[in-house]
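User: I am new to reading structures and would like to learn how the words are used. Could you go through this one with me?

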Amino acid sequence: IVGSSFISYSVTGATLKDDSHFDIVNSDVYVHGNFVETLSPYTIRLRYAQGTTPPTGSRGTLTLVSAEDNIWDFTYEHYNWGAIRSNNDDLLEIIDANIIGVRYLNDAFTGCDNLYHVNLFDTSTITTMSHMFYHCYALQNVPLFNTTNVKDMTQMFQDCYAVKSGALALYRQASSQAAPPTEYQFCFRNCGRDTTTGAAELAQIPSDWK
């Protein structure tokens, strides 16, 4: 499969000899493979509302991946991704990303009112996440991003009222790491306020983070 990495397989009706060879026992042999897609470097995969076309902006390129599901790849070969897709009501989901080498994600998705789901992706090179999901009112989850090198998480999830889970785990990770962020004011202000589970997590986060 083009653009995918082979990660595992299972065989029915055959005798496995090692990790890559098998003997056919009879004529009914079924090989089941599992693949994981590998995005191009400096690329993030996004799903938009049906019937809409994402704005091109002045940076990066957009490639249609699935017309049926309105999924697009945004590629921008630069270390600064500040405000790349901000203030876009048609953005619904962040599916995946390969952004190793990017350092700044400040304001990246701020004001995307209908963004409701974000899958976890590698943020190990990121240093700034301030306002990353500021005012994403529909967001339901806080991914456990790698924050090892993050210095600024200011207002990262402020006013994400619909969050159900994840805020407490991210706070605990970031605040206890070897080099905690130095800027984090209002990181979780009102995050999860309108959900029972989200509000319960918010109550356990120290006041200086919210």
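User: Which residues is Gln 140 in contact with, leaving aside its neighbours within four places in sequence?

Analyst: They are Tyr 116, Ala 162, Val 163, Lys 164 and Ser 165. Contact here means heavy atoms within 4.5 Å. Before we go on, please note that this is a predicted model, where local features need pLDDT of at least 70, side-chain atom pairs count only at pLDDT 80 or more, and totals for chains, interfaces and linings use all residues. Residues are numbered from 1 along each chain as its sequence is written, and side-chain values use heavy atoms, with hydrogens and water left out.

User: How far apart are Gln 140 and Lys 164 in sequence and in space?

Analyst: Gln 140 and Lys 164 are separated by 24 residues in sequence, while their C-alpha atoms are 5.4 Å apart. As for its place, Gln 140 sits in the loop between β9 (117–118) and α1 (167–176). Helices (H or I, at least four residues) and strands (E, at least two) are DSSP runs, numbered from the N terminus.

User: Why is Gln 140 called partly exposed?

Analyst: Buried means under 20% relative accessible area, exposed means over 50%, and partly exposed is in between (1.4 Å probe, protein chains only). Gln 140 has 34%, so that value falls in the middle class.

User: And what makes Thr 128 count as buried?

Analyst: Its relative accessibility is 13%, which is under the 20% limit, so the word buried applies. Thr 128 also lies in the loop between β9 and α1. Leaving aside its neighbours within four places in sequence, Thr 128 touches Arg 103, Tyr 104, Leu 105, Asn 106 and Asp 152. Over the protein chain, buried residues make up 40% of the 210 residues.

User: What joins β6 to β7?

Analyst: Five bridges do, and β6 and strand β7 (residues 71–75) run antiparallel. Leu 64 stands opposite Trp 72 in β7. The two strands form a hairpin with four residues between them, and Asn 70 in the turn has a positive phi of about 55°.

User: What is the order of the strands in the open sheet, and why do β6 and β9 stand at the edges?

Analyst: The five strands come in the order β6-β7-β5-β8-β9, with mixed pairing. β6 (61–66) and β9 each have a single partner strand, so one side of each is left without a neighbour in the sheet. The protein chain as a whole has two helices and nine strands.

User: Are Cys 136 and Cys 191 buried or exposed?

Analyst: Cys 136 has 0% relative accessibility and Cys 191 has 1%. Both values are under 20%, so these cysteines count as buried.

Definitions and conventions
Pairing = 2+ DSSP bridges.
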